[in-house]
Amino acid sequence: MAIVMELVLPFIIGTAIGIITGLLPGIHSNLASSAIAAYIGLDGNFSNEAIAVMIISMGVAHSITDNIPSILLGMPDAEKIMSALPSQRMLLEGKGIDAVMLSITGTLFGTILAVAMMPITVLFFSVAYFQIKWAIGYILLVLLTILMMNEKKKMQSLLILIFTGILGIFVFRLNMKEPLLPLLTGLFGTSALIFGLINRNTIPKQHHNACEIKKDEWLKPSFVSLVMGILSSFLPGLGPSQIASLGSKAIKKITERGYIVLSSALSTVNLIAGIAAFYAIGKSRSGVIAAIEGITGNISLYDTTIMAFASLAAGGIATIFTIYLAKRMISIIHKVNYSKLCLSIILFVMLIVLLISGLTGLMVLLTASAIGIITITKEIPRQNMMGCLILPVLLFFMGISLS
Amino acid sequence: MNERTLFWIAGVCSTIGLAAIILLPLVIGLADIKISELTDDDLGKKVSITGDIKFKVQKDSLTIIEINDGTGKIEAVFFERIFLKKEKATIIGVVSKYKGNLQIKASDIR
């Protein structure tokens, strides 16, 4: 019995943590995975394999339940930024439940496809990465140029990209634990919360039943997200939000509904493909995988297989919970005191950052939040703030050292 | 695609995933490791050791077994009472450290 429960118990704990943290706006999966690795990983009651299962289950569950605060409270994570605008439009039209169902469909099918294609993804990484490693910096530069050329506010987008890039370079040189925590939380989490607090946002009454999702709204976007998600985990620094922008060009006449499916699926595919990348090339491409790397070191084929199935199970369970919770929340969301909720979460996040990253982390959080607020108020696409990761990675791969 | 279909697909995914998590560790057993090969780098890893066993402590909530595989000796700790009338066994557990010495936090004995 002990052997049977060895991985089941950590899986249940991880999925439960992921469902809870996914529901909390402003809380990124990196924070939860760091906390699990830091506190549960050290007490010796679970094996490294069990901790890895716990963290990946948390990550996948989080990415699915995260659809609720992303859409219903207007608090998207960095990965879901691209679907935020069409989702919020639907919310303001009283069709929030449609947006949530589209997102859930995307994340579930993203999970299924990513797990099913895991063997091919491993093969792709093993073969392709070392062949074109030398060109990754240039590929990133070309893709960034394409993204910038497609922006409406080109100069402002470029400035934000560079500005957050400089912030990222400085932050990574600071002597601080978990630098990504205050950086990404400030840019994408607390900035949106503070903006919501200032604007005293209110949510209109919502329809209760979602419309049926047509085949062309989920089938092609799911498959495109598989390819783009693997590409996103292949190229360091380039997140799902930028790839979503590129991926939408691959589908002719993509509707807003299809775009929501694509963008949502991408974040989960990116996470699960990250397992394949870590196994094949030993590189972690997300905070969740980095937390696993910190516990296990390199992973075996057996560990990869177990984590893939844990992702599938977590995806299924989280989907069921999310649908159930979304339908309950949709009927009461317009009654929520939005200001009090935002304030509570801001204070909670500040406490977490202070505990993990200290006073330096708090300063980074405040600075990043300020940049985030500027980006939102000037209506500059928020995915440009990923410059905080893209620029340092670009410089690294082009061999430019700033030390 | 409607809500009911999503529920069913999610249910199937959960079932397949959970079944794999339960069955894979049973089907794909661990290869035995030699005690002499264990180092601090193995801390936290799940291992399987086969050898001669000797009970050192046997209480209601604690059993300590010394296992000797011919290359060395190591203590395996169970946080329960273990009854076993065998001289040789396979112990499965996680490598840990206690008072500077490597030991196994055991989860199974066969």
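Predicted model: local features only at pLDDT ≥ 70, side-chain atom pairs only at ≥ 80, totals over all residues.
Me: How many disulfides does the structure hold?

Reply: Zero, over all chains.

Me: Which residues touch the most other members of the largest nonpolar core?

Reply: A:Ile55, A:Ile56, A:Leu72, A:Leu187 and A:Ile275 do, in a core of 124 residues. Helix α16 (residues 338–377) of chain A gives the largest share of this core, 13 residues.

Me: What makes a set of residues a nonpolar core?

Reply: Its members are buried nonpolar residues joined through side-chain atoms within 4.5 Å. A second, separate core has 18 residues, among them B:Val47, B:Ala76, B:Phe78 and B:Val95.

Me: Which residues does A:Leu72 touch, not counting residues up to four places away in sequence?

Reply: With those neighbours in sequence left out, A:Leu72 touches A:Asn67, A:Leu91, A:Gly96, A:Val100, A:Ile203, A:Met329, A:Ile330 and A:Ile333. Contact means heavy atoms within 4.5 Å, so each of these residues has heavy atoms within 4.5 Å of A:Leu72.

Me: Let's turn to chain B. How do you know that strand β1 (residues 46–58) and strand β4 (residues 88–98) of chain B pair?

Reply: Seven bridges join β1(B) to β4(B), and the two run antiparallel. Pairing takes at least two bridges, so β1(B) and β4(B) qualify as a pair. Along them, B:Thr50 stands opposite B:Thr90 in β4(B).

Me: Why do β1(B) and strand β2 (residues 63–68) of chain B count as paired too?

Reply: There are six bridges between β1(B) and β2(B), in the antiparallel sense. The requirement is at least two, so these strands are paired as well. B:Lys54 stands opposite B:Glu66 in β2(B), and a hairpin of four residues joins β1(B) to β2(B).

Me: In what order do the elements of chain B run?

Reply: From the N terminus on, they run α-β-β-β-β-β, which comes to one helix and five strands.

Me: What share of chain B counts as buried?

Reply: Of its 110 residues, 41% do. Chain B exposes about 6400 Å², with carbon and sulfur atoms supplying 55% of that area.

Notes. Residues numbered from 1 in each chain as written. Chains lettered and ligands numbered in written order. Heavy atoms only, no water. Disulfide = S-S within 2.5 Å. Buried < 20%, exposed > 50% of the residue type's maximum accessible area, 1.4 Å probe, protein only. Areas by Shrake-Rupley, 256 points an atom, 1.4 Å probe, with all protein chains shown as cover.
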